[in-house]
Amino acid sequence: MLNWSQRFSILVFLDSNNYRDPYSRFECLGGFGTGHVVTERDGMEGASAFHEEHKDWLFGHINYDYKNRLERGLKSRHEAVSGFDDICFFQPEIVCYITTDKAELVIETLTTDPDGVYREIMNTSAEIDETVPIVSFQQTTLREKYLQNIDSLRSHIKEGDCYEINYCNEYHAEGVTLQPLNVFSKLNGLSHAPFAAYYRNGSAYLMCASPERYIRKQGYELLSQPIKGTARRDKDPETDETIKQSLSNSIKDKAENVMITDLVRNDLARSCVPGSVKVKELFGIYSFPQVHQMISTVAGRMKEHALLMDGVRYSFPMGSMTGAPKIKVMQLVEQYEDKRRELYSGTIGYISPEGNYDFNVVIRSLFYNSATLYLSYQAGGAITYDSSAEGEWDEMRLKAWAMERIFNADS
């Protein structure tokens, strides 16, 4: 399906990589080609209005910098380089999905014969070349300044400006020629993430291995699963279990997680029936190929007369990628980070014809602009007063290693 999809200039492919949770509907889901595009000028309101009229699939993304349209006084001073608009949704010509039980492949189309699409897919090679170039990435913010910025952010916390802030660094390489699908296949093979995504929008590409769900709507239920707390994996089972238990008992990680969980509760409450927002799970520990993560689950009942996208509108950007209080920390992000986030810490996902949706958090991701040959990724972590600058640097580098090893000749 992925090889077949390369004929389209716009596509989204979402892969759960065999992860099972009570909230997933698809093993994989793809939207290919476009019948209609909801543009940056249309915004979230345009997506809601189009869906209300047509009751069809929509696939697309929202950049972190869309925050500037949601809250007065916010801005993004750095140049945009990835090629992704701040928001874009498209009605696909073709939708293909495999259900979570792997019982059936479903193909839906606007104008094309579904049987013909099936034959084309089955007649396409299933082998993906994972050959990628060796790439050396440059840090946008060097180590010394990164450490200094963490100490400055801890001072903001001490002075009461905020409680927690997500601080990130960009890594980039210029003049890189590559095949984005090869990169995604290799990334996805190394990091079997439940919210993986391959996305092309013209010359802009996203290769994503996200472990995190941002927000899901099923009927009137809104659900969010923020991640805060990360620990490395180890090849030795006993050592790995010790690391996992250490994360589970970590006072620092629990403090980070509970603050963001509380922020998510408040965000969902803006579009949910009063009193309906509940924490379904607090401090759950989940294991992925490179890391263990601490994940909490929050859910509420959406107000009956709310617009389709209100759950997103009143919770975006997701608290796990900002901190608390949200507006103040987004101002501090703009002050201290040296690169525009763009689609990083934004979201990509789908809206179904029934009005259900599922969106991820765009982390553990590579961004490639085939027009400018600019390749980049970002990584970071949550800063609290108890954070150590060196410890935060090490956690950020652990996440960076997962990206960089794809382009290492020894990987």
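Start by selecting serine 345, which sits in the loop between helix 9 (326-336) and strand 18 (347-351). Helices here are DSSP runs of H or I with at least four residues, strands are runs of E with at least two, and both are numbered from the N terminus. The model is predicted, so local features need pLDDT of at least 70 and side-chain atom pairs count only at pLDDT 80 or more, while totals for chains, interfaces and linings use all residues. Residues are numbered from 1 along each chain as its sequence is written, and side-chain values use heavy atoms, with hydrogens and water left out.

**Stop 1: around serine 345**

Is serine 345 buried or exposed? Serine 345 counts as buried because its relative accessibility is 0%. The cut-offs are under 20% relative accessible area for buried, over 50% for exposed, and in between for partly exposed, with a 1.4 Å probe and protein chains only.

Then show Tyr64, Met318, Met321 and Val362. Serine 345 is in contact with these four, leaving aside its neighbours within four places in sequence. Contact means heavy atoms within 4.5 Å.

**Stop 2: helix 5 and the largest pocket**

Select helix 5 (180-190). Of its 11 residues, 9 are buried, among them Pro180, Phe184 and Lys186. The buried residues of helix 5 pack against strand 1, strand 10 (195-201), strand 11 (204-210), strand 20 (365-369) and helix 10 (389-404).

Helix 5 also gives the most to the lining of the largest pocket, with 4 residues. The space in this pocket is about 530 Å³. A pocket is an open set of points on a 1 Å grid over the protein atoms alone, where a 1.4 Å probe fits, with protein on both sides within 12 Å along at least five of seven lines; lining residues have an atom within 4 Å of a point.

To find the centre, select Met1, Leu2, Phe13, Ala126 and Ile128, the closest to it of the 21 lining residues. Strand 1 (10-15), strand 2 (26-32) and helix 3 (114-122) are among the elements that each supply at least two residues of the lining. The lining divides into 12 nonpolar, 6 polar and 3 charged residues.

**Stop 3: salt bridges**

A salt bridge is a side-chain nitrogen of Lys or Arg within 4 Å of a carboxyl oxygen of Asp or Glu. By this rule there are 22 salt bridges.

Select aspartate 21 and arginine 213, whose side chains meet in a salt bridge (3.6 Å, N to O). This pair links distant parts of the chain, 192 residues apart: aspartate 21 is in the loop between strand 1 and strand 2, and arginine 213 is in strand 12 (residues 213-218). Aspartate 21 is partly exposed at 27% relative accessibility, whereas arginine 213 is buried at 1%.

Finally, select arginine 265 and aspartate 262. In their salt bridge the closest N and O atoms are 2.5 Å apart. Both lie in helix 7 (residues 251-269), 3 residues apart, about one turn of the helix.

Conventions:
Grid points are joined across faces, edges and corners, and a volume is the space filled by probe spheres set on the points. Ala, Val, Leu, Ile, Met, Phe, Trp, Tyr, Cys and Pro count as nonpolar, Asp, Glu, Lys and Arg as charged, and the others, Gly among them, as polar.
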